[in-house]
Each structure stands twice: as structure tokens, then as C-alpha cells.
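These are my notes on a few residues and one surface feature that I looked up. The entries follow the order in which I checked them.

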Amino acid sequence: MEAAEMAMLMLCICCAGSLLYGRNSAVANLGLSWLARSALMGAIVAGGTFIIIHSPFGRRSGAHFNPALTVAYFSLGRIHRWDAFGYVMAHFFGGIAGVFFAHQLLGANLSDFPVRYVITLPGRNGSIIAFIAEFITSFVLMEVVLLATNHRRLARYTPLFVALVTVFYYMLSMSISGYSVNPARSFSSALFAHVWQGIWIYFIAPGFGMLAAATLYRKVAGADRVYCAKVLHDFQSNCPFNCRIAELYDRAQPVNQCSPETASPPAHIPHQRNDAT
């Protein structure tokens, strides 16, 4: 499932890149400013991300499709080490498959300059600035996910928050680092383009950024306030993780409801947390 989600994400990114930056694309020839194209790119990728999270696959697996996010949740004790390893491998295999399918579909529109498989490269400000940008964007993205998913009223809106952050950061950092925040995403594009310039940035910065966010959240909120590793927990799909989400809603065990935040707790369990953060 995670491999399929990552493949869908890469297919979305490749199609958006070819549409907005390809030489033969009608949209690319409209003369849009770089900011407008970055915003459109971010909106397309954000829309795809939102759909993947809400898909049956995303609801079942937890919708990570990012090795850095999986490692961060592993550091919080929400994922078993072998499950984390399997997720990370699936992300890389899925990313490669997604770019392969995109190439079969788009051909030269994807492989030729300036698209070049939508590779992520450091901008004109250099590798250090790109590293800092990737670290900060990864840190903020993970912090948003942790704050939202572990708050009773905000949890259901996590996919929307992730989508909004994606649009904003595409506009902000597209020309700085290409906005990756995902080692598997950058590796998949680099593998087909045979361009490895700055690849270390996209392996190290997202991982350290999300780990730093997880560490900060654990120190401030406490390790017991990380209830599950799912980005969207709908209570309809089985959870593959070390899950304590029922505690967030003051329940003894998970219930089969789409919107558990609207449900009243059982009479035998005291209702103590109205706004768990």
C-alpha cells in the first residue's frame, strides 16, 4: 500500500512538472511567472497528497509515503522496527515505479530539459541554503502532523493542513531546494535523470528535520501524547501500528465511526480531555 501511494505521488509530481515546465506544454508557454507556476505545482501536488491520504490505501496504511516521516514515528515508539524498515523500502520501490510509469506515459516531455524527471536540485544560493530550507520545511511539516493528529478536534483536518503546507512551501522554496522533504521522492527522480548533484541534502535534511520535530514534540507534550502513527485515523480501517488513539477520545477501545470526535464517551469512562493537544 505504501509503495502504491508513493508511486501515485511520483506520478502526480511528474505529470504536474511536465504540464507546467515542459517545452511542448501549452501551459508552460502561457508565460506564467515562476511564482504562479510554483503555486500551481504546489496546488496539484497538494491535491494529489490530499487524495492519497483519504484513499482506502492511505486510510489503511497510515499514509506516510515518506521515509523521513516513518523514521520520525519510529523514534517516537509508534512503529515496530521491522514495519518501519518495510515502509521505508516500500517508499523507495514505489517512487521508482511511479517515475517509471510516468516516463511510459509522458516520454520526452518528462525526460527532456528543463523537466528532467522533476529532479530536486539546490538553487542558486547553494547547497547550504538548500539544506537549511529542506531541514526547516521538513521540521514544520512533521510538527504540523504531530500537533494535528494528536488533537481531538484537529485530527480529522490533518490532510488539509498537510495540503496547505505543501502549497505554501512550493511557493517559498521551489527555487531554493526544489521542495522535496522526502528522500524517496528525490532519489526516484535522480535515478532516472542520472543527476546526483546535492542528493545528500535530500537524504539528510528531511530525516534530521522530522526527527528534530519529533524530539521537540516529545519533550514539550510528552511521549504519551503521541497516540498513533497514522496521518488520518478514521476508525474504520485496521491500524497496523502501536495504536493508542482510543485514549485521545476517552474510549476503552477503538470504535467504528468516521468522526469519533463527535461521539460521546461510554458512561463507564470519565470524560476528561475536551481539547487534548
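I call a residue buried under 20% relative accessible area, exposed over 50%, and partly exposed in between. The model I worked on is predicted.

Entry on I204. I located I204 in helix α10. Its relative accessible area came out at 34%, so I204 goes down as partly exposed.

Entry on the nonpolar patch. I asked which residues make the nonpolar surface patch of about 740 Å². I listed I128, I129, I132, I136, W200, F203, I204 and F208. I then looked up which elements give two or more residues to this patch, and noted α7 (127–149) and α10 (199–221).

Entry on D83. I found D83 in helix α5, which covers residues 81–106. I computed a relative accessible area of 34% for D83, and therefore logged D83 as partly exposed. I also took the C-alpha to C-alpha distance from D83 to F93: the two are 15 Å apart in space and 10 residues apart in sequence.

Entry on R185. I placed R185 in helix α9, residues 183–193. Is R185 buried or exposed? I recorded R185 as buried, and I found no salt bridge for it. For a salt bridge I require a side-chain nitrogen of Lys or Arg within 4 Å of a carboxyl oxygen of Asp or Glu. I then listed the contacts of R185, leaving aside neighbours within four places in sequence: M6, M10, I13, V118, T120, Y179 and S180.

Notes
Residues are numbered from 1 along each chain as its sequence is written. This is a predicted model: local features need pLDDT of at least 70, side-chain atom pairs count only at pLDDT 80 or more; totals for chains, interfaces and linings use all residues. Side-chain values use heavy atoms; hydrogens and water are left out. Helices (H or I, at least four residues) and strands (E, at least two) are DSSP runs, numbered from the N terminus. Buried means under 20% relative accessible area, exposed over 50%, partly exposed in between (1.4 Å probe, protein chains only). Lys and Arg count as positive and Asp and Glu as negative; His and the chain ends are not counted. Contact means heavy atoms within 4.5 Å. Patches are made of residues with over 30% relative accessible area and no salt bridge: like charges are joined within 9 Å, nonpolar side chains (Val, Leu, Ile, Met, Phe, Trp, Tyr) within 5 Å. Accessible areas come from the Shrake-Rupley method with a 1.4 Å probe; for residues, only the protein chains shown count as cover.
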